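Okay everyone, thanks for coming. Let me put the structure up, and then I'll walk you through a few spots in it.

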Amino acid sequence: MNWKKAFFAALLVVPLVVILALGFKTDPHAVPSVLEGRPAPEFQLMTLDGKAWSLASLHGKPAVLNFWATWCYPCQAEHALLQEAAQYYGDKVQFLGVVYQDRGEEVARYLTRHANHYPQVMDPNSVTAIDFGVAGVPESFILNPNGQIIHKEAGVLNGALLRKFLDPMVKGGG
Amino acid sequence: MSLWLLLAVLVNSPAPNSLDDQAFAIGRELRCPVCQGMPIAESPSTMAQDMMKRVRDMLVAGKNEEQIRGYFVERYGDWVVLDPPKEGYTLWVWMLPPALLLLAVGLGLRTMRRLRSARALGVVSPTPPTSTGTVDPYLQAIRDEVHR
C-alpha cells in the first residue's frame, strides 16, 4: 500500500468529513439568533381597540413578546400555554402578543373564541417583525426588565423554557 | 424606421439607477427568511415583499446599499446575505473551491507528465497486445497512417 498517497488522501478527506458531520448537527433552515444579549428594538404598535404599546411600556419587568398569527396552527397550540403562563405570572411578567401578517377582523374573531389575558398588537407591513429579525411564526422573545433580549425562541414555546428564563427574573413567580 | 425603433426602446427603457432598480439590486443580495433559497427581490412570500418595502423606504430616507445590508445583517445575521462575507469563518467558502480546482489541475498535470515519461521509456504500451501477444492489425494500420 502506498502510505504516502493514503496519508495525503486522508489529509484531504478527513477535514471534509468532519465539516459535513458538524453540519448535520445544525438545522440549515433555522435562522440564527443574533439579537440575544442586545437591547430590543424600539417599536410603537396599536391594539385592536386603539391602545398604544411601545418598548418603553415593557420596561421595569420581564416581558415575553410573542409573534403569532391566526392562520398559524403551531401558534394556536401555543396560545393556551401562553394564556396560562400570563395568569400564572400575573403582573410580575408582561406578555404581549404581536400579530404578524394577519387581518384585524380575523384576530378579533379568534380572540372572542379563545381566552385572552394579555394585550395583542397589530404589526402592519411586518415592520416590528423585521426589526426583531423574525423569520416566521411562532417566534418569541424574552426580555429582561431593562429591555434586553435574553432569549429568542423560534417555534412553539413550552412551560419548562418559560420557567427557565422567567423564574430567575421573577422573585417567587406566581 | 430603425431610428424610430431605437428611440422607442430608449424612451420606454427604465431609467438607470432608479429607486426600483436600486431596491431590486439590493433585494437580489438578501435571502428571504421564508423561501430560503430565494432573494427577497424574487420571493413571492409576504415577508419578502415587506422586506423589499423596507429596502425602498430606507433608500428614500437616503440610506446607501451598505447601510441597508448592514441593517438586515444586524437583525438576521450574515445568513441573510446570499453571498457569504469574504472574512472570518466564511472565507473558506470562497477559498476552498479554487484551491481544490488548482490542486486537481496540478495532480492531473503531474499524472499526465508521468504517463508521458513512462511511454517515452517504453515502460507503458499505449496499445495493449492482443491475447496472442501480437498487436492488433487494425490498430497497427492506424499507427502506420498517423506516422506517415
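So, Asn125 of chain A sits in the loop between strand S5 (120-123) and helix H5 of chain A; helices here are DSSP runs of H or I with at least four residues, strands are E runs of at least two, and both are numbered from the N terminus. This is a predicted model, where local features need pLDDT of at least 70, side-chain atom pairs count only at pLDDT 80 or more, and totals for chains, interfaces and linings use all residues. Residues are numbered from 1 along each chain as its sequence is written, chains are lettered from A and ligands numbered from 1 in the order in which they are written, and side-chain values use heavy atoms, leaving out hydrogens and water.

Back to that loop. A:Asn125 isn't a glycine, but has a positive phi of about 60°. A:Ser126, in the loop between S5 and H5 too, has a positive phi near 55°. Most residues other than glycine have a negative phi.

Are these residues buried or exposed? A:Asn125 is partly exposed at 41% relative accessibility, while A:Ser126 is buried at 1% (buried is under 20% relative accessible area, exposed over 50%, partly exposed in between, with a 1.4 Å probe and protein chains only).

Next, the loop between helix H5 (127-131) and strand S6 (139-143) of chain A holds A:Pro138. The peptide bond into A:Pro138 from A:Val137 is cis, omega near 0°.
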